[in-house]
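Dear colleague,

Please find the structure below, together with a short account of what was found in it.

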Amino acid sequence: MEAFNLTYSDPSTFTLTGFPGLEAAHVWISIPFSTFYIIGLLGNFMLLYVVGKEQTLHKPMYLLLCMLALTDIATPTFVVPKALGIFWFNLKGITMAGCLTQMFFLHMVSVMHSATLVTMAFDRYVAICNPLRYLTILTNTRIAKLGLVGLIRAVLFILPLPLLLSRQPFCANRIITHTQCEHIAVAKMVCGDITVTRIYGLVLMFVINGFDLTLIALSYGLIIKAILRISSKNAHQKALNTCTAHICVMLTYYTPSLFSNLTHPFSQGIAPHIRIILADLYLLIPPMLNPIIYGVKTKELRDKVGKYTCCRGDLLGPLT
């Protein structure tokens, strides 16, 4: 069926192309897009529901998981509905205000996600290196305050990006070769001097990733040091198991994130649709995998989720 051609020509409107050169395959590309998005939403909402219902899960670790789930819900939600509009109905137009708003929330939530991973690394450090003081050091109130600090940090760091771009003159050809209003893609449409914007974006990327990864590495360095002091093999294994889920989540987030960011300076030899696919997978795969990883690796959470899914099965059983 022929797609609706609703691309805007208004000069105050930007045009998102989707995957250049793969327009004929947009409908097929939308299948994994929507599938990953729906699986991610179901998994993260299930996690929030179970933790909210179960009093025994009202602990710092699970509060952090809820914060992670909220960022995992928000991240693809800022991108996927618009991308599906492009794939299904050729709705490529987006206002400048809408584009800058999407860019702000997209990058802000990403910084918030990174801050949550840092807090989770600190949580694992306290749990292994100071287990007797865990509940006094990391209370639910303190975790909530750390989350608020992470949110304020994200807003303050990212807000200058759209503000700087909004003051720049944009070229007449306002076509963004992407499915989303990524900062670098939008900056390429500016006809004025973007030296300050470009430098701020690069410094921001390296400072945030460098600072957060340094804190995570420091936490895990201290964790490994503490584990090596333990003589019992079982204790070794137990300590490592408590970190496995967090390490997997970090790898699914930072690996595609760094790879996607580092491909921009060397993008001349890379096909545009490859860069776009990498950027989109970075927004879709971690939110889908994170609740699965924690559901598999965390026995207490797995048992509680099983309790609710089994209950639903028992209720439906007599009806079938």
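The structure holds 10 aromatic pairs, where rings of Phe, Tyr and Trp (its six-membered ring) pair if their centres lie within 6.5 Å, and planes under 30 degrees apart count as stacked, over 60 as edge-to-face and the rest as tilted. One of them joins Phe19 and Phe87, stacked at 5.8 Å centre to centre with 20 degrees between the planes. Because Phe19 lies in the loop between strand E1 (13-16) and H1, while Phe87 belongs to helix H3 (residues 80-89), the pair ties together parts that are 68 residues apart in sequence; helices (H or I, at least four residues) and strands (E, at least two) are DSSP runs, numbered from the N terminus. Phe19 and Phe87 are both buried, that is, under 20% relative accessible area, with exposed meaning over 50% and partly exposed in between (1.4 Å probe, protein chains only). Ring pairs also link Phe33 with Phe19 and Phe87 into a cluster.

This is a predicted model, in which local features need pLDDT of at least 70 and side-chain atom pairs count only at pLDDT 80 or more, whereas totals for chains, interfaces and linings use all residues. Residues are numbered from 1 along each chain as its sequence is written, and side-chain values use heavy atoms, with hydrogens and water left out.

Ser34 is placed in helix H1 (residues 26-53) and counts as buried because its relative accessibility is 15%. The side chain of Ser34 reaches the backbone oxygen of Ser30 at 2.8 Å.

Leu215, in helix H9 (residues 195-228), counts as partly exposed because its relative accessibility is 31%.

Best regards

Definitions and conventions. Polar contact = N/O pair within 3.5 Å; in protein donor to acceptor, adjacent residues only side chain to side chain.
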